[in-house]
Amino acid sequence: MRLGWWECASRLAEAAVAAGAVDVQGAISLEARSITGKLSALKSALESARPPSQIIVPALQWAQSPDSVFLNVKFSHKMDAPATLDVVVDQVEFTNRTLRLRASKERKAFELDLALFGAIDPERSTWTLGSVGRITVTLAKQLADDGASASPKGASEGASEGASKGVKWGGLLAPGAPRPKGAQMHLWWDRQKEFEAALEKLEDDGEDEEPEKAPKKSGKKASKKAKKKAKKKAEKDKAASAAAAGGEEEEENGFLGEALRAINAEAKDALAKIDAEAKRRRAEIDAEARERRQDSEAQLAEERRVHAAALGAKRQAAKEAEVAEANKAVREAKLQGNKAGYQTREAPGPWAGKEGSHAPVLHLERAPKTDQQNNAPKTGSTPAAKAPPGGSGFEAALAQAQASEEASEEVPEEAPEEEAPQEEAGVLAMATVGHGMAKDHWIDLLWVEDEAGTVLGAKRFPAPSDAPGAAPGRPVLQVPVPPGARTVTAMASCNLHGVWASAPAQVNGVAALGEREEL
């Protein structure tokens, strides 16, 4: 991979995986990260070598004190636009009259060139890079004691060249110097307020000392200075008068403010009342919606109950009809057996050789625990239907045997009931016949009876259909054995070979669930 032999590397990787090498994936991933890092470094180097695609004159704010000028430079074209972060400062150069700043990030370059209003001391001028895309520059003004002129030709009269206390610049740029193209330059008001008093005192001191330094000036020039000083004093007196008038205005504003506060308080109270009324109305609507929902749920529950009752009655009628049919079939089969005799595995009678496929097999096993409340098996099987009043246990047993066939019918949802205490049920008897089910030869009836001949459960099997996809039902019957029964016997009726009986099975001592006794 390092040499670029990719096809060779691919085949080696396939061979390593086939040989069962477990660490080949890790090695490939490690080498891939290394190659990716080198490509990223190469790309960055190429980007850095290309000329900048955008040159921006950064926006700035400036302020001054008697001895310094402060610049707040933002790496953005506007002061209110987002700044470019992580900028690299390439150059900050101070000369006696200029400032040169160069910074960059990727292909974006920032360039600022300023021709300054006055002279500065490059040795004492400094800069500091901020953390939010800004740079702060402090320009040390060159004062008279530093051996240089404090202001250029054409500076304002307030900039005294011989003062060692400081000097006030008339602006940031030198008179006649071009403004950087596209540059946004503003006064740094928050910083400038700190030095307003010092700069004003500096101007006043300069005006007071000027007559002493030049006593021989013409009367015209002295008169001009006096007028300027008088004008300034008049402006101060005017400001004082305005402050006094402002007191009266402030008092008037106080009355207006009090009235405004009263209006706001009334509006606040009105809004509070509206909010309270809205909450009350919302609560009424919610209560009404809950009542309607409860009524709808109660109506739906009643409809489900009625539907369930109707469906239960329909099922009960179908069960009773089926039980009657099964009872009739059992009576006919018993009559036939009483006349012709019952065949068994040990005594097949005239059907010797057919006992293996015709004699029923009986399994007994302990039933699962049931719910005392509704007598339903804990395992989730369908509960046995109760026998109709006046009926025998045969009807209930038959209903239990047919419960699985009805599980697929749709029933309304009912609320879950609390779990009731469990108790152990009796014994289950399962009768099966290893008989084939053909449309001209099949087991048409299967039942289980106790030692007294009482039928515990029965199931009829119609003639199998030869329609495509039709599957004959398996001759299987499962019924519960009632308490008190000592023995049970499985009986099967073949449409061609008569009635067959299994050997009686003892009910007492049946093993637990899962440990069957086969007879």
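Let's start with an arginine: the charged end of Arg 191 sits over the ring of Phe 70, 4.1 Å from the ring's centre. That charged end also sits over the ring of Trp 188, with 5.7 Å to the centre. Keep in mind that you are looking at a predicted model.

**The overall picture**

The protein has 519 residues, and buried ones make up 32% of them. Its secondary structure comes to seven helices and 21 strands. Take the contacts between residues at least 6 apart in sequence: 64% of these join residues at least 24 apart.

Now for the sheets. Strands of a sheet pair through backbone hydrogen bonds, and they can do so either parallel or antiparallel.

| Strands | Direction | Bridges |
|---|---|---|
| E1 and E6 (residues 108-115) | parallel | three |
| E4 and E5 (residues 98-105) | antiparallel | six |
| E5 and E6 | antiparallel | eight |

You can pick out individual partners in each pairing. Ile 55 has Ala 109 in E6 as its bridge partner. Phe 94 stands opposite Leu 99 in E5, and Lys 105 stands opposite Lys 108 in E6.

**A sheet of five strands**

Another open sheet is built from five strands in the order E7-E8-E3-E2-E9, again with mixed pairing. Its edge strands are E7 and E9, each of which pairs on one side only. On average, neighbouring strands of this sheet are turned by 20 degrees against each other, direction ignored.

Within this sheet, strand E2 (residues 59-64) and strand E3 (residues 68-74) run antiparallel and are joined by six bridges. Trp 62 stands opposite Leu 71 in E3.

**Rings that meet**

How many aromatic pairs are there? The count comes to three. A pair like this is described by the distance of the ring centres and the angle of the planes. For Phe 117 and Trp 169, the ring centres are 6.1 Å apart and the planes are at 40 degrees, so the pair is tilted.

Where in the chain do these two residues come from? Phe 117 is in the loop between E6 and strand E7 (126-129), while Trp 169 is in the loop between strand E8 (134-140) and strand E9 (185-187). They lie 52 residues apart, and the pair links distant parts of the chain. Are Phe 117 and Trp 169 buried or exposed? Both are buried.

Definitions and conventions
Residues are numbered from 1 along each chain as its sequence is written. This is a predicted model: local features need pLDDT of at least 70, side-chain atom pairs count only at pLDDT 80 or more; totals for chains, interfaces and linings use all residues. Side-chain values use heavy atoms; hydrogens and water are left out. Two strands pair if DSSP finds at least two bridges between them. Helices (H or I, at least four residues) and strands (E, at least two) are DSSP runs, numbered from the N terminus. Rings of Phe, Tyr and Trp (its six-membered ring) pair if their centres lie within 6.5 Å; planes under 30 degrees apart count as stacked, over 60 as edge-to-face and the rest as tilted. Buried means under 20% relative accessible area, exposed over 50%, partly exposed in between (1.4 Å probe, protein chains only). A charge sits over a ring if NZ of Lys or CZ of Arg is within 6 Å of the ring centre and within 35 degrees of the ring normal. Contact means heavy atoms within 4.5 Å. Axes are lines fitted to C-alpha atoms, for helices over the stretch in contact, and angles run from 0 to 180 degrees between N-to-C directions.
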